[in-house]
Amino acid sequence: MAGIWVHGEIAGDGSLTKLSTEVATLARAVAEQLGGTEVTGVVIGSDPAAPAGELAGFVPKVLAVTEPTTADHAAGMIVAQRLAALIEAHDPDIVMTGAGPEGRDVAGALSALTGWGVLANATAVRGEDGSPVATHSVFGGKLITESGFAGGKGIVTVRPNSVTPEPAGSAGTVEEATATGELQQPVVPVVDRLEAETKAAQIDDARIIVAGGRGVGGPDGFGLIQELADALGGAVGATRAAVDSGWIPYSQQIGQTGKIVKPQLYLAMGVSGAIQHKVGMQTASTIIAVNRDPDAPIAEFADMIVIGDLVEVGNALLAELRARSG
Amino acid sequence: MRIVVLTKPVPDPASGGERLLPDGRLDRANSPAVVNGNDEYVLEKALKLIEAAGDGEVILLTMAPDSAPETMRKALAMGATRGVLVTDPQIAGSDTVATTRVLAAALKTLEFDLVFAGVDTSDGTAGVVAPGVAALNGLPYLSYAASIDPDEGARTVRVKRITADGYDVLEAPMPALISGTQALGEPRYPSLKGIMAARSKEITTVSLADLDIDPGSVGLDGATTKVVDSRRPEARGATTVVREAPDEAARQIVALLAERRLI
């Protein structure tokens, strides 16, 4: 097999995303299982040197492609076109990217441009009989499927927090590569960038999430949720009910029409665990719930449920955590 | 203004009956279909825009088995003008590549100013079909919309795209394809009047032959990916139920966190 490519995604501050380091770590493991296939990172952007350097800490070789257009245009479609051109020139078999918004945009457009299939939202990937096999959680986690490519080549998108990023034993090299020629797809200008109203820690790849649901009772109740998150070094998440009530922004919503997360710890405060929320968090390693209702659905899949008032238990927990760290 | 909304019937996430047939396709008989959740948000936005404009059409475009009209009626009851259903015995088992190709071809037969799609569907959650359709048809692509503001006079559309740090405000000429999120706003419930009206709304059926698509390139025969195994997830361990007073309960939580090296 002619190689696995890792698409290195560039964050808003110009650095490599953590998700890309996870994808790179996974790609190395798959390559080893396939008998030493070459792994190459590809970073495409207006200033690719720094993120390419970071990615080289994880894979033996990185192609850094300068594409000025992405500085002030929506990047996904542009990156996909450059990747498609590079694929034609270099002939890799597999492209792996993150299953976040940019990775999905890139994967979708790249798939259409190349005709390659997509193994979407892989939670694990292994190399078997010469090609990758991806594990997915589908239908909101009710089913685990494993799938592969029918024709050998394809694109894999990887869910955040599927692996712990581990740098390679020795740093790789960065090579400048060019992908020029006119962009065939329309470019979409970014006319303004707006900061989020509230600077909440991102839940996408958080190791610890403290989530509040309807039981939190109001925006003030989220103060306690935030304090618990701060004490645990985590991020604040929420159910759709809390978001719909305007207590917390949509960016923090976990579930079917929000984000799907896989933290080490999910502390659910006043969260009933309805199916639409469960699909977004059930793969968390440890789930602890605090709820008044012993019959809440979350009691069926939490590791521990504390039956009680979330303000009382939350404050007691806060005191306990602070005593411990103090 | 004309807005096409890509809508997909998906197994009801609340049904719990989803399972695969031996060939890897969804066993549709075992789970009732509903309109995909994210599609309802963009449909609601399309309806609001047409209402604000005073005239226009919201056209549903669906690729699905021939049982889909039942699900499409619910979206028509919300207020969509008419539906176009691409259905063919050969499309069963189509992967995202084939779905993208079929929807892109069907879209070429329609006149529109904007195309809306949900950012993903609750069944496969790949989120790759909308960008693929945009790429195949050369449409400006604006994704993860929290707001959509068309300017009919200027023939442009502005979208607030959700990013990790906030929003990117994107602007493109129409026609354009936009994928949207729940942040667009709560979908309406169909009114009784809407439900009655939906019964007589037109759903046009289109076949692969109508779109000049080789049946061998779609469905299970044309699939670029294959499911090799499917199983129920391993059950989580037993749940520890703590009924002690808050102070003692908090100590037990901390003990578990310490045991699992989370603090």
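Here is a short walk through this structure, from the overall shape of chain A to its domains, its cores and one of its helices. Keep in mind that this is a predicted model.

Of the 326 residues in chain A, 60% are buried. The contacts tell you how the sequence folds back on itself: taking those with a separation of 6 or more, 66% join residues 24 or more positions apart.

Next, look at how chain A is divided. Domain 1 covers 4-177 and domain 2 covers 208-325. Taken over C-alpha atoms, the centres of these two domains of chain A are 32 Å apart. Where they touch, domain 1 contributes six residues and domain 2 contributes eight. What kinds of residue does domain 1 of chain A bring to this contact? Its side divides into one nonpolar, four polar and one charged.

Now turn to the interior. In soluble globular proteins, nonpolar side chains tend to be buried together. Here the largest nonpolar core has 131 residues, and those with the most contacts inside it are A:Ala27, A:Leu83 and B:Val5. Helix 3 of chain A (residues 75-90) supplies the largest share of this core, with nine residues. To see one spot in detail, centre your view on A:Ala27. Leaving aside residues up to four places away in sequence, A:Ala27 touches A:Ile4, A:Val6, A:Val39, A:Val59 and A:Met96. There is also a second, separate core of 52 residues, which includes A:Ile209, A:Leu228, A:Leu317 and A:Leu321.

Finally, follow helix 4 of chain A, residues 101-114. Is this helix mostly covered or mostly uncovered? It is mostly covered, as 13 of its 14 residues are buried. You can check its geometry with a simple sum: at 1.5 Å a residue, the 14 residues of helix 4 should span 20 Å, and the end C-alpha atoms are 20 Å apart, which agrees. Just after helix 4 of chain A comes A:Gly115, which takes a positive phi of about 80°.

Terms used. Residues numbered from 1 in each chain as written. Chains lettered and ligands numbered in written order. Predicted model: local features only at pLDDT ≥ 70, side-chain atom pairs only at ≥ 80, totals over all residues. Core = buried A, V, L, I, M, F, W, Y, C linked by C-beta atoms within 7 Å. Buried ≥ 20, exposed ≤ 12 C-beta atoms within 10 Å, placed from the backbone. Helix = DSSP H or I, 4+ residues; strand = E, 2+ residues; numbered from the N terminus. Contact = placed C-beta atoms within 7 Å. Expected span 1.5 Å × (residues − 1). Domains from an automatic or database assignment. Nonpolar A, V, L, I, M, F, W, Y, C, P; charged D, E, K, R; others polar.
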